[in-house]
Amino acid sequence: MVGVSNDDDRLGPLFAAGARPRAYIASPLGFSEAGREYYATRYLPALAEHVEPVDPWVLTAPEEFVAAREQDRLPELGIEVGARNAAAIRGAQLLIAQLDGQEVDAGTAAEVGYAAALGLPCLAIRSDLRASGEPGMHVNLQLEAFVVLSGGFVAGSLAELVERLAALRRAA
């Protein structure tokens with residue numbers, strides 16, 4: 001396909017000599033109790049075998065939101081949180097995004113677009129059984145195009161993503 005690179009073209013060098021590159025982990029999993037449990041006990045540990053996770057959910061303490069609400073400064077904190085996340089993306093070598101949901105989380109989609117615009121390879125997981133996006137696509141065609149054109153791919157499960165990361169480390 002024109003303009004689409006092989007996974008190894010952009011990703012291979014990041015895993016040279018078995019390296020674990022810094023990967024910003026974009027997801028909405030921190031918003032719910034069930035998501036936080038899965039994220040902490042299964043998702044992050046599986047990814048940490050092959051990348052050094054940059055966890056945006058630890059960049060802002062819940063107490064900051066309580067204080068901002070009490071001080072009527074939630075909009076200002078929102079901008080601060082966005083700036084922290086943007087800095088964390090800039091400090092990463094790649095981005096991994098969780099794209100499940102009937103509609104992909106808007107913040108996660110924005111993080112993918114930002115990382116792709118910075119030239120970072122983006123990897124994604126879409127394990128949701130529901131259809132999303134245009135026919136033949138895993139998700140919205142523009143979002144999937146950003147992932148693929150960045151040198152990344154969309155995996156169908158966490159297990160598939162972990163296996164592909166393991167293969168990249170073995171090949172390097």
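Let us begin with Tyr-24, whose bridge partner in strand S3 is Leu-95. The two strands concerned are S1, residues 22-26, and S3, residues 94-98, and they pair in the parallel sense over four bridges. Strands here are DSSP runs of E with at least two residues, helices are runs of H or I with at least four, and both are numbered from the N terminus. Two strands pair if DSSP finds at least two bridges between them.

Before going further, I must state that this is a predicted model: local features need pLDDT of at least 70, side-chain atom pairs count only at pLDDT 80 or more, and totals for chains, interfaces and linings use all residues. Residues are numbered from 1 along each chain as its sequence is written, and side-chain values use heavy atoms, with hydrogens and water left out.

Returning to the sheet, five strands form it in the order S2-S1-S3-S4-S5; the sheet is open and its pairing is parallel. Which strands are at the edges? They are strand S2 (52-54) and strand S5 (154-155), each of which pairs on one side only.

I turn now to the salt bridges, each defined as a side-chain nitrogen of Lys or Arg within 4 Å of a carboxyl oxygen of Asp or Glu. By this rule, there are seven salt bridges. In one of them, the side chains of Arg-84 and Glu-64 meet at 2.8 Å, N to O. Arg-84 belongs to helix H4 (residues 74-90) and Glu-64 to helix H3 (residues 62-70), so this pair ties together parts that are 20 residues apart in sequence.

Arg-84 also forms a salt bridge with Glu-80, where the closest N and O atoms are 3.6 Å apart. Both of these residues lie in helix H4, four residues apart, which is about one turn of the helix. A network of salt bridges links Glu-64, Arg-73, Glu-80 and Arg-84.

How accessible are these residues? Buried means under 20% relative accessible area, exposed means over 50%, and partly exposed lies in between, using a 1.4 Å probe and protein chains only. Arg-84 is partly exposed at 25%, Glu-64 is partly exposed at 26%, and Glu-80 is partly exposed at 30%.

Finally, Glu-163 forms a salt bridge with Arg-170, with 2.9 Å between the closest N and O atoms. Here Glu-163 is partly exposed, at 43% relative accessibility, whereas Arg-170 is exposed, at 57%. Thank you for your attention.
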